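Dear colleague,

Please read them alongside the coordinates.

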Amino acid sequence: MPFGIAERLIAWRYLRPRREEGFISIVAGFALLGIALGVGTLIVVLAVMNGFRAELLGRVLGVNGHATIVAGPQGITDFDALAVRLASAPGVVDVMPYVEGQVMAQAGGVAAGALVRGVRAADLDGGSVIGASVVAGSAAALAEPGTALIGSRMASRMGVGVGDSVTLLSPKGAATALGSVPRVKTFRIAGVFEVGMYDYDSTFVFIPLADAQAFFQLPGAVSAIEVKVSDPERIASYRGELVRLAEGVGRVIDWQQLNSHFFAALQVERNVMFLILTLIILVAAFNIITGITMLVRSKTRDIAILRTMGATRAAVTRIFILAGATIGVVGTFAGFVLGLAFASNIDTIRRGLESLTGAELWAAEIRFLSQLPAKVEAGDVLSVVAMGLALSFLATLYPAWRAARLDPVEALRYE
């Protein structure tokens, strides 16, 4: 039998120790379990963090755009001409003028603060995130004066739906002899949208642009112009042209400036979780060192016999490297399968646990999203698997080297 095959058979045999060596198999089992849990957990955590970033980025940008031209309280006049110029800029795919203001919304005996945006129905229904998220009614109905589109959580809290009315009260009112009188207007609810982000679904109200201009006293003007580009990650490369076109009208604020601290915090949290969970794999690797070292001590006589039969030090080294690496490979593969399966069904698992325990494990008010997101990226998975295999292999080097350094004469003498 070729000695290469014999090495593998001996390594496999050593992984199934005799009854009196049962403690060694317990240590090896814990090492395998630790690597599997570490690899699997790391894959799941990275997938959830990637999912968070992708979902938040998609929904934040879907509602707010990639760059915004804003002006002072006087607003932007001649906004249609500016919108045409912005739409012709390289990389720009959509432009939307809007009027925005803070109000108090009241319906069903419930009052809550709301953010009102006045838009054209064609802009909202033209493939935007809000237009695609309408769950009742229609965004196109916003073309009628006196209509409104509200978020699903606001509608649920106020107990209203399509066809009902919502009253908006603006503190910016008309000056009279008795002082400033708040402006109050009632709108018919033409649709309900559900973006999936708590802040948007519970706060935003969309009304026709003309109604918003009258309500917020901006005749013939808008508060801002929203710009969407083909590649949001490269917004810095488009910014120069947008600033040039908006010069003298308003200033340009892009999504990276508005959300830099938020997404930076997500990245820091991702990196910290990666380092913490890597320690699980590292501890499992130390278990491999312990297990293989104990195996070497229990197989001293066998090693001596192999050496006297002609096995080289390199062959002995390979035997124990194979034994330790097998634990690492099996554990890493098990963690890989476990992690992918868990990450692919994480929201289903979350809902199942909630139904079993009766507790809310994912509060949208706290975590911004109504669902637990996960996005598995091949690069992250490959990095985790490579790290698990590398640490497992490195953990076998020292005990294998110790085995190869044993003197067969001394070993047989003390046996």
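A residue is called partly exposed here when its relative accessible area lies between the two cut-offs, under 20% being buried and over 50% exposed. Please bear in mind throughout that this is a predicted model.

Glu100 pairs with Arg117, their closest N and O atoms lying 2.6 Å apart. This pair joins distant parts of the chain, since Glu100 belongs to strand β3 (residues 92–107) and Arg117 to strand β4 (residues 110–119), 17 residues apart. Glu100 is partly exposed, because its relative accessibility is 30%, whereas Arg117, at 4%, counts as buried. These two residues also take part, together with Glu226, in a network of salt bridges.

A further salt bridge brings together the side chains of Asp254 and Arg239, with an N to O distance of 3.1 Å. Because Asp254 sits in strand β12 (residues 251–254) and Arg239 in helix α9 (residues 235–245), the pair ties together parts that are 15 residues apart in sequence. Asp254 has a relative accessible area of 6% and is therefore buried, while Arg239, with 25%, is partly exposed.

Finally, Lys375 and Glu377 meet through their side chains in a salt bridge of 4.0 Å, N to O. Lys375 counts as partly exposed at 39% relative accessibility, and Glu377 is likewise partly exposed, because its relative accessible area is 32%.

Terms used:
Residues are numbered from 1 along each chain as its sequence is written. This is a predicted model: local features need pLDDT of at least 70, side-chain atom pairs count only at pLDDT 80 or more; totals for chains, interfaces and linings use all residues. Side-chain values use heavy atoms; hydrogens and water are left out. Helices (H or I, at least four residues) and strands (E, at least two) are DSSP runs, numbered from the N terminus. Buried means under 20% relative accessible area, exposed over 50%, partly exposed in between (1.4 Å probe, protein chains only).
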